[in-house]
Structures are given as structure tokens and as C-alpha cells.
Amino acid sequence: IRMPARRSASGLTGRPYEKTIEEKKYIAFDTSLSRGEMLLFEKSGTLLELVSYYAALESRRFPDVKVGLEVDWDGKVEKKPDDPKNEIDVVMSDGLLPWFMSCKNTAVTTEALNEIGVVSAHYGGKFARKLMATSQVASEGQRKRAEDMGVLLIDGIARMTVPELAE
């Protein structure tokens, strides 16, 4: 497949080439993306968060959707490095209930399930809904653990289209 040498919609330029780093071979692309655009790719879960955000909007179930929400744990915003904060990947409201979503570009872990449980209880109370989106397909044990913790698990999200995820 030939790729144009000019900037494409994805920001990639030229054709893919092989690059060796520390004796490992990688497929590489040159890019014309700005520094701000490249920041989207530095954190592995950013694209998953954006896809989840877009799917929540597309579902038309949630009139209020936010992505990458940083919240202060104790409600006292201080400009100190040790001020406890949390980032909630996607926060939605269906008009009555808050929904908190954690996006993981890995398989589901007990630690991640515990984290979304604690964060949603702290910021949303006992009626908050908990969601976890993972790029990898979960095992039956992981599914059972999520169910036992009241977390709606959307796994294998990397294989879904936005309309499938929106459902």
C-alpha cells in the first residue's frame, strides 16, 4: 500500500519503514503531528478514553459527558504537589445518576476494579454507576469479579466499532 508523502489525515508522512532499537525491530512512520497532537499518543489509554467519550455521546443516553476529568479528593483545591487528586477517564450523567468510567488499555485487574469502585463511591455516592472499558478480552474470572463488585465491564473494546460500543 502506498501512502502519500504529504501529510495525511492521520498526520503520518511517507511510507512505513523498519527501525531497529536495542536489537528489536519496529515498524516506524515519520509524522508531521504537532507536539499537542503527539500528546494524545503518549499515554496509552488516551485514545481509548476518547473513543469511549465519543461512544457515550453517540448513544444519546447521556446529556452530559466529560472526558479526562481531574477532581480533588478532599474538595480543597490547593496548589501543592501532594494534594490528593484523581483523574476520572469518562464521567457521564443520564439526568439522574452519575456514571464513572475507567478506561484501561490492558486486561481488567483487581486493582483497577477497586479504584473505580472507590472513586465512584467517593464522588458519586451509593447510586453511582461504575463502568470499566478494557482493550483486552476479560477472562471468566475477571468478568465474575467485576460483576461481584457492581462494575459493568465492557471488554475487548479494541475490536468494537463506535456504534457497537454506544449500544
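**Exercise 1. Work out where Arg143 and Glu140 lie relative to one another, and how their side chains pair.**

Solution. Arg143 and Glu140 both belong to helix α4 (residues 140–148), where they sit three residues apart, about one turn of the helix; helices (H or I, at least four residues) and strands (E, at least two) are DSSP runs, numbered from the N terminus. This is a predicted model, in which local features need pLDDT of at least 70 and side-chain atom pairs count only at pLDDT 80 or more, while totals for chains, interfaces and linings use all residues. Residues are numbered from 1 along each chain as its sequence is written, and side-chain values use heavy atoms, with hydrogens and water left out.

Next, consider the pairing: Arg143 forms a salt bridge with Glu140, with the closest N and O atoms 3.5 Å apart. A salt bridge is a side-chain nitrogen of Lys or Arg within 4 Å of a carboxyl oxygen of Asp or Glu.

Finally, Glu140 is exposed at 63% relative accessibility, whereas Arg143, at 31%, is partly exposed; buried means under 20% relative accessible area, exposed over 50%, and partly exposed in between (1.4 Å probe, protein chains only).

**Exercise 2. Describe the salt bridge between Glu115 and Lys104, and explain which parts it ties together.**

Solution. The closest N and O atoms of Glu115 and Lys104 are 3.8 Å apart. Because Glu115 lies in helix α3 (residues 110–124) and Lys104 in strand β5 (residues 98–104), the pair ties together parts that are 11 residues apart in sequence. Glu115, at 36% relative accessibility, is partly exposed, and Lys104 is partly exposed at 24%.
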